[in-house]
Amino acid sequence: MGSITLKQVTKNFDDVNVIKPLDLEIKDGEFIVFVGPSGCGKSTLLRMIAGLEDTTSGNIEIDGQDATHTPPAKRGLAMVFQSYALYPHMSVRNNIAFPLKRAKVSPAEIESKIANAAKILNLTDYLDRKPGQLSGGQRQRVAIGRAIVRQPSAFLFDEPLSNLDASLRVNMRLEISELHKSLATTMIYVTHDQVEAMTMADRIAVFNGGIIEQVGTPLELYQHPVNKFVAGFIGSPKMNFIEVPNTETNETTSLGVRPEHFIISQDAGTWAGKVGVIEHLGSESFLHVTLTNGTTVTVKADGDCPLEYGDSVFLTAQKNKVHTFDTNGNTIKVNN
Amino acid sequence: MATTNSRTLARFMLLPSVTLLLAWMIVPLCMTLYFSFIDYNLLVPGDKEFVGFLNYEFFLTDPAFFESFFNTLYLVTGVLLITICGGIGLAILLDQAIWGRNYVRIMVLAPFFVMPTVSALVWKNMLMNPVNGLFAHFAIWLGFEPIDFFAQMPLFSIIIIVSWQWLPFAALILLTAIQSLDREQLEAADLDGAGPFSKFFYIVLPHLSRAVTAVILIETIFLLSIFAEILVTTSGGPGYSSTNITYLIYTQSLLQFDVGGGSAGGIVAVIIANIVAIFLMRLIGKNLEG
């Protein structure tokens, strides 16, 4: 069991409002990712769910019970911190056993739970080491192990991979996804990295300035962003925005085209431009094209793209792949 | 920068200060050693003849030596106990967010800046005096007979005075150590269901172990040579009940004018200090390693 419901939750630090009234329903067993730029309130909301920050107003319900003022230990949630927050003077075994000992679990049961967690996380050989003697990835796994043994109703992850190097991050991403599939426990995962969000989430909540811009599955967000912010935040490389004067209303609308949705031609097309730097990644190339109106767009091309620096090209957007935004940045629904 | 040339230069540049420090230490030590082997009493003029280990024999078989040896031990351990326990408590209190916290911290440090003689006098005349002291007034107000601190419990009184002086030092070192504790560890412990006592014993205290070690080592060095507080308050009495080794050496050489005996005592004190240092480093020094 691990459904969490937020009802009109707000948070003020002194006079500064960091989270505006916010509703969110997290279903049991779901992997939800809070993503957004730094300072958008996503970590604060996670800490409020954990009970580490007071809720200024509104209600937090866990499994249908109001938990707004429940102390952290009584909420049945486990958290993995960005700094791992392992206890440095305790061995890995004692780190994992710490929550169990506090809960007065019998020694035999503690032993079996540790053995089980160590097996799942590949920590069996490291149980008697101190956290200081472990690598970043191993420490991360110990922190997860400490969370698992409590059998929480939900896991909270606060940017857990941001201290790891790139290749390890990819591995840990897989391991956490794998863990979610095998445990089928609710997980709330905070990150500023949209790649992590896209690859791991069942649903993503995009935060910006203390509000949730949009909640949806990764593909929903990618295909149907509700506004320019979500459109620009989800997807890598970022969506290109091309300003177009609207002759009917005398306002400028912005067209959003993802780099992978351009058709490149050397003869004719919607936009003319000059090729700038080309980034060859082998499987694909990214062209930085400066259009005649001065906008620079990123275009995804084949890995063996024959174009060179300074070439003239014409770009056309693929059909039905253009997003249109009004002056306020909201998506204009296209009726087709 | 580690060429042969630069290293030679570095050694050469170090030479003056090292020489000075060495001379500063070696010359008095050698003179003390020399004095400790001769019959040198300021009241008996004449030849200062070599007497072998006689001075040491007299000093070490003096009943006052054993008493003052144990007094030194009680004094050091007593003050360490009070300052460490009190210091941890005070540090935790000072770590709380209270109004005017910065001013409170400066005030707490104040006793450390008061000269030992002055603080001993303040305690002797204003607090512990059996007639005029604040404690005496308080005892009378409660209906008790005032305690004559320096007559009834001289060593304990001195322990209290010295503790008062060193408590701020311990508290300040421990406070900075507490502040360096990762807050996420405490939050993790919160989530793990640890109460205030579990958090203190399993997370705060282990984190403080290095700072406590440093405080013990530094304080021990200074507490072995407590002198001014004893001179000002009890003069080592009644009898030898509040005499420590340092004070015993002083009485030997400057009150009995026995320079030879005093020097022998000095060498004994050096040896004791070294034994304590080795003992301490063995016992708790490993806490300081990485």
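This is a predicted model: local features need pLDDT of at least 70, side-chain atom pairs count only at pLDDT 80 or more; totals for chains, interfaces and linings use all residues.
**Exercise 1. Which residues of α3(A) are buried, and why do they lie on the same side?**

Step 1. Locate the helix. α3 of chain A spans residues 107–121 and has 15 residues. From first C-alpha to last it reaches 21 Å, close to the 21 Å expected at 1.5 Å a residue.

Step 2. Apply the cut-off. A residue is buried if 20 or more other C-beta atoms lie within 10 Å of its own. In α3(A), the buried residues are A:Ile114, A:Ala117, A:Ala118 and A:Leu121.

Step 3. Look around the axis. An α-helix has 3.6 residues a turn, so residues three or four places apart point the same way.

Step 4. Check the other side. There A:Ala108, A:Glu109, A:Ser112 and A:Lys119 are exposed.

Step 5. Find the cover. The buried residues of α3(A) are covered by elements including α2 (92–102) and α4 (136–148) of chain A.

Step 6. Go past the end. A:Asn122 follows α3(A), and its phi is positive, near 60°.

**Exercise 2. What is the strand order of the open sheet of five strands in chain A, and which strands are at the edge?**

Step 1. Write the order: β13-β17-β14-β15-β16, with antiparallel pairing.

Step 2. Pick the edges. β13 (262–265) and β16 (296–302) of chain A each pair on one side only.

Step 3. Follow one pair. β13(A) and β17(A), residues 312–317, run antiparallel and are joined by four bridges. Within β17(A), A:Leu315 stands opposite A:Ile264.

Note on methods:
Residues are numbered from 1 along each chain as its sequence is written. Chains are lettered from A and ligands numbered from 1 in the order in which they are written. Two strands pair if DSSP finds at least two bridges between them. Helices (H or I, at least four residues) and strands (E, at least two) are DSSP runs, numbered from the N terminus. The expected span of a helix is 1.5 Å times one less than its number of residues. A residue is buried if 20 or more other C-beta atoms lie within 10 Å of its own, exposed if 12 or fewer, and partly exposed in between; C-beta atoms are placed from the backbone. Two residues are in contact if their C-beta atoms, placed from the backbone, lie within 7 Å.
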